[in-house]
Amino acid sequence: MVNNNLTQDAVEIAIAFNSYFIDSVKVLTQNPSTGLLGSVLVNDAQPVFIIREVSESKVNKVISSLKNSKSKDVFGLDSTFLKNYKESLIGPITKVTNTSIGLGVFPRVWKSAIITAIFKSGDPADVSNYRPISILPVVSKVVEKCVAEQLISHLNNSPFTLHSMQFGFRAKHSTETANCFLLENVKSKMDKGGVVGAVFLDLRKAFDTVNHEILITKLSKFNFSPDALRWMKSYLEGRTQCVRGSNELSPTLSYDVGVPQGSILGPLLFSLYINDLPSVCTGSEVQMYADDTVIYVHAKSKQQAAQELTTVMVQVTKWLSDSCLHLNVKKTVC
């Protein structure tokens with residue numbers, strides 16, 4: 001009887017976490033501005049992003065490159081299992097991957113995540129003091145990586161590329177290069193006299209609140225083919241999650257916003273989602289690392305810097321609202 005009670009308690013706790021993680025995002029979501037919706041027609045005169053079928057050798061390389069992990073997905077599989085038995089799995093995974101690409105459909109069974117609640121700080125009895133860590137089906141990451149590599153190649157070899165001041169999730173870019181660039185740029189300006197004023201933006205649940213319709217619209221501006229957009233739409237929609245607690249799982253809940261946590265494509269898609277943010281920051285400089293953004297100006301005085309930054313923030317606030325993103329005022333600093 002005691003064991004049954006403990007099991008029931010674990011399930012109820014997992015249910016509470018799952019409900020909180022879903023509901024805390026719903027509170028932030030809103031209807032998108034219709035001004036940002038509407039796909040752009042493909043420009044056939046420029047390179048078009050088409051998701052192409054992959055070979056068994058490519059799948060082999062991708063599986064070999066996965067980080068070793070024993071975190072079990074909803075099917076009880078992990079990357080270590082995939083690597084140990086890859087010789088038997090390469091053929092079927094390649095076939096499913098190419099079928100997915102050909103049909104423009106991301107398999108529904110690959111959209112189920114297991115969430116682990118990790119304590120941050122504060123009162124352990126408060127669910128808001130925990131952050132979710134997502135474990136996606138390990139096979140889905142093979143497909144994601146194949147598509148991500150093709151997308152990165154398109155961005156690197158066409159006019160449709162990431163903003164030069166985006167330092168996140170890019171080859172030869174890191175937090176170190178981002179810090180070095182910002183510091184050297186600020187020092188260079190201050191050597192000329194005056195002051196440098198900056199606002200460091202922090203967004204609330206940035207990855208979780210991405211609006212799918214707006215994202216698809218923004219992807220079309222990178223010259224995605226209709227088939228590629230259809231696959232991306234399928235990849236995003238119809239996702240579910242459950243929470244694991246004390247080896248017990250909560251019932252699954254569905255969600256219809258955000259890029260998948262713990263995914264390979266998610267950070268890249270988010271970078272494309274905010275790629276046009278610098279375009280509204282006229283008269284200032286912008287530097288980004290995924291969802292972390294700093295906006296700064298060089299001015300003669302603190303008062304002038306404050307005035308210029310205030311003007312920029314008016315435009316940023318409107319852009320955030322139109323993009324269904326939310327500023328975390330408590331963690332945004334000037």
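This report covers one annotated region and several residues of a predicted model.

Local features need pLDDT of at least 70, side-chain atom pairs count only at pLDDT 80 or more, and totals for chains, interfaces and linings use all residues. Residues are numbered from 1 along each chain as its sequence is written, and side-chain values use heavy atoms, with hydrogens and water left out.

**The annotated region**

An unreviewed UniProt entry carries the annotation "domain: Reverse transcriptase" for residues 99-334. UniProt positions follow the numbering used here, feature names are shortened, and annotations may be inferred rather than shown by experiment. Over residues 99-334 the chain is 38% helix and 19% strand. The end C-alpha atoms are 50 Å apart. Helices (H or I, at least four residues) and strands (E, at least two) are DSSP runs, numbered from the N terminus.

Buried means under 20% relative accessible area, exposed over 50%, and partly exposed in between (1.4 Å probe, protein chains only).

| Residue | Relative accessible area | Class |
|---|---|---|
| Ser-79 | 5% | buried |
| Asp-208 | 17% | buried |
| Lys-72 | 38% | partly exposed |
| Val-109 | 43% | partly exposed |

**Lys-72 and Ser-79**

Lys-72 sits in the loop between helix 2 (56-65) and helix 3. Its side chain makes a polar contact with the side chain of Asp-78, at 2.7 Å. A polar contact is a pair of N or O atoms within 3.5 Å; within protein, one must be able to donate a hydrogen and the other to accept it, and residues adjacent in sequence count only if both atoms are side-chain atoms. Lys-72 also touches Ile-114, Ile-135 and Arg-244, among others (heavy atoms within 4.5 Å).

Ser-79 belongs to helix 3 (residues 79-84). A polar atom of the Ser-79 side chain lies 2.7 Å from the backbone oxygen of Lys-67. Not counting residues up to four places away in sequence, Ser-79 touches Leu-66, Lys-67, Asn-68, Ser-69 and Val-138.

**Asp-208**

Asp-208 lies in the loop between strand 3 (195-201) and helix 7 (212-220). Beyond four places in sequence, Asp-208 touches Val-25, Val-257, Gly-258 and Gln-261. Asp-208 and Asn-275 are 67 residues apart in sequence, and their C-alpha atoms are 17 Å apart.

**Val-109**

Val-109 lies in the loop between helix 4 (86-103) and strand 1 (112-119).
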